[in-house]
Amino acid sequence: MTREEFITTLKKIVQPYIQDEEAFHNLTEDTDFINDLKINSANLVDVILDVEDEFDIEIDNDSMEKMLSVKAAIEIIESKLAS
Amino acid sequence: MKKYEIIALLPYSPPFLFVDKLTKVSENGAEGFYIFKEDEYFYQGHFKDNPVTPGVILTEVMAQIGLVCLGIYLLKDQISEVEKPKIALTSNEVDFFLPVFPGEKVKVISEKIYFRFNKLKCKVQMFNAKNELVSRGTIAGMLTSE
């Protein structure tokens, strides 16, 4: 999967939970889920659970705490897929 | 953790404590009941001269018994009198089928959908004394110990 494909998939996953439409529209690897997209902590859990289902991986507590931006999410997904 | 210990750890007090007794609790769900007093404060205004339990209060009863009591049980290894539970309702979607009047007893049954990363999401149902479905829905909250 290319970076662009990862970003497209993540955009689809986060869309139901975002508050900031403009930040969502301009989403890049540097976009932060909480500070930019204004996703609340409860919905961030839903994002993580949806990522688990989409990629058929399991996210542990340590990875969850790091998964705060698009870039961090892609890195974690890639490392889980590789292991 | 004993059922009465769970109730003692609830962060509510009258007139906003809506758990009389917890009858069952396990890793997968909770069951308990509440009897609405004839003189609950909200009957004064809901409705004028026609007391009916507000839907938001029914939702609260469902959340306190179904979600918060279960959450305290699930966090049992982390909480105590010192490490009190911290709770925030994060979403609910509830349908109502029957009215509940002053003096009625309601039973709440919850079933865990998931408890991950401190978010607890449950399917919750409420029944009246005739075992008729009063309301049902999905309620979620964040739970941590301080």
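Along its sequence, chain B of this predicted model runs α-β-β-α-β-β-β-β. That makes 2 helices and 6 strands.

| Property of chain B | Value |
|---|---|
| Radius of gyration | 15 Å |
| Box of the C-alpha atoms along the principal axes | roughly 45 × 25 × 25 Å |
| Buried share of the 146 residues | 32% |
| Share of contacts (separation of 6 or more) between residues 24 or more positions apart | 67% |

Why does the radius of gyration of chain B agree with a compact globule? For 146 residues, such a globule would have a value near 15 Å, and chain B has 15 Å.

Now to chain A and its helix H5, residues 70-82.

Which residues of H5(A) are buried? They are A:Val70, A:Ala73, A:Ile76 and A:Ile77. Seen down the axis of H5(A), the buried residues fall within an arc of 130°, so they line one face of the helix. An α-helix has 3.6 residues a turn, so residues three or four places apart point the same way. On the other side of H5(A), A:Ser79 and A:Ala82 are exposed.

What covers the buried residues of H5(A)? The cover includes three helices of chain A: H1 (3-14), H3 (41-55) and H4 (61-66).

Conventions. Residues numbered from 1 in each chain as written. Chains lettered and ligands numbered in written order. Predicted model: local features only at pLDDT ≥ 70, side-chain atom pairs only at ≥ 80, totals over all residues. Helix = DSSP H or I, 4+ residues; strand = E, 2+ residues; numbered from the N terminus. Rg over C-alpha atoms; globule rule 2.2 N^0.38 Å. Buried ≥ 20, exposed ≤ 12 C-beta atoms within 10 Å, placed from the backbone. Contact = placed C-beta atoms within 7 Å. Expected span 1.5 Å × (residues − 1). Arc of directions from axis to C-beta.
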